[in-house]
Amino acid sequence: MSGPEDVLFSPAVKAEQMRLGSRTQFEGRAWKSEITDDLRQFLAAIDTFFFATASSDGRPYVQHRGGPAGFLKPIGSHMLAFADFAGNRQYITLGHLKENDRAHIFIPHFATQQRLKLWGRARVVEDDAELMERLVDTSYKAKPQRAIAFRIEAWDINCRQHIVARYSEAEIAPAVNQLTQRIKELEDEVARLKGG
């Protein structure tokens with residue numbers, strides 16, 4: 001039976017690691033497949049990720065997924081799910097998952113310069129009102145059409161190298177608000193000094 005390391009590293013990958021001298025740094029490492037408190041906390045802040053699937057003949061497809069913070073939700077010890085919102089109507093991901101359930105979630109978090117990689121198997125869930133109720137934020141404007149459930153086989157957060165720090169509007173809003181308030185205070189002080 002294969003474990004998380006075999007999900008991450010195929011025999012060809014392991015051979016390349018051996019050839020290029022990095023194999024020993026991965027041997028014996030305890031790769032994770034269960035959702036930890038740290039992973040739960042990380043996911044609660046996420047509002048965007050990339051979802052990769054492949055057709056039965058291996059043709060890959062990567063799709064951006066976005067929503068309110070925390071929309072990629074843990075729903076068990078090894079399971080995540082998210083609402084699938086109406087989009088461009090190409091349905092490539094849905095078609096791929098009908099013929100090949102292997103999937104990958106890649107989450108770059110630019111503000112903290114982290115990247116989370118999750119390997120697993122996904123399935124489309126339709127007509128499950130209870131699950132949709134758990135997944136949908138009613139204040140979010142997009143229309144959910146179905147859910148996608150993702151069973152984690154392995155995950156890893158690694159290397160901050162080459163991730164340029166970027167911040168969302170929500171992440172910089174407190175600093176901007178503080179600066180705006182300070183500018184107002186200084187303008188009021190200048191006006192008071194000029195008038196007096």
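1. In this predicted model, F50 stands opposite H64 of strand β2. The pairing of β1 (residues 48–54) with β2 (residues 60–66) is antiparallel and runs over seven bridges. A52 has V62 of β2 opposite it. The two strands make a hairpin with five residues between them, and G58 in that turn has a positive phi of about 90°.

2. On its other pairing, β1 is joined to β5 by four bridges, again in the antiparallel sense. Here A52 stands opposite H104 of β5. Because five of its seven residues are buried, β1 is largely enclosed by the rest of the structure.

3. Y61, Q63 and R65 make up the covered face, while P60, V62, H64 and G66 make up the uncovered one. Q63, a residue of β2, has a relative accessible area of 19% and is therefore buried, the cut-off being under 20%. The side chains of Q63 and R65 are joined by a polar contact of 2.6 Å.

4. K73 stands opposite A81 of β4.

5. Which residues touch the most other members of the largest nonpolar core? They are F51, I107, L118 and F150, in a core of 22 residues. At least two residues of this core come from each of α3 (37–44), β1, β4 (79–85), β5 (102–109), β6 (114–125) and β7. β7 gives the largest share, four residues. There is also a second, separate core of ten residues, with F85, V125, M132 and L135 among them.

6. Is helix α2 (residues 11–20) largely enclosed or largely in the open? The number of buried residues is one of ten, so α2 lies largely in the open. G21 follows α2 and has a positive phi, near 85°.

7. S168 sits in the loop between β7 (144–158) and α6. With a relative accessibility of 28%, S168 counts as partly exposed. S168 is 119 residues from F49 in sequence, yet the C-alpha to C-alpha distance between the two is 14 Å.

8. A nonpolar patch on the surface is formed by Y167, I172 and V176, which together have about 280 Å² of accessible area. I172 is part of helix α6 (residues 169–195). Why does I172 count as partly exposed? Its relative accessibility is 38%, and the partly exposed class covers values between the buried limit, under 20%, and the exposed limit, over 50%.

Notes
Residues numbered from 1 in each chain as written. Predicted model: local features only at pLDDT ≥ 70, side-chain atom pairs only at ≥ 80, totals over all residues. Heavy atoms only, no water. Patch = residues over 30% accessible without salt bridge, like charges linked within 9 Å, V, L, I, M, F, W, Y side chains within 5 Å. Areas by Shrake-Rupley, 256 points an atom, 1.4 Å probe, with all protein chains shown as cover. Salt bridge = Lys/Arg side-chain N within 4 Å of Asp/Glu carboxyl O. Buried < 20%, exposed > 50% of the residue type's maximum accessible area, 1.4 Å probe, protein only. Pairing = 2+ DSSP bridges. Core = buried A, V, L, I, M, F, W, Y, C linked by side-chain atoms within 4.5 Å. Polar contact = N/O pair within 3.5 Å; in protein donor to acceptor, adjacent residues only side chain to side chain.
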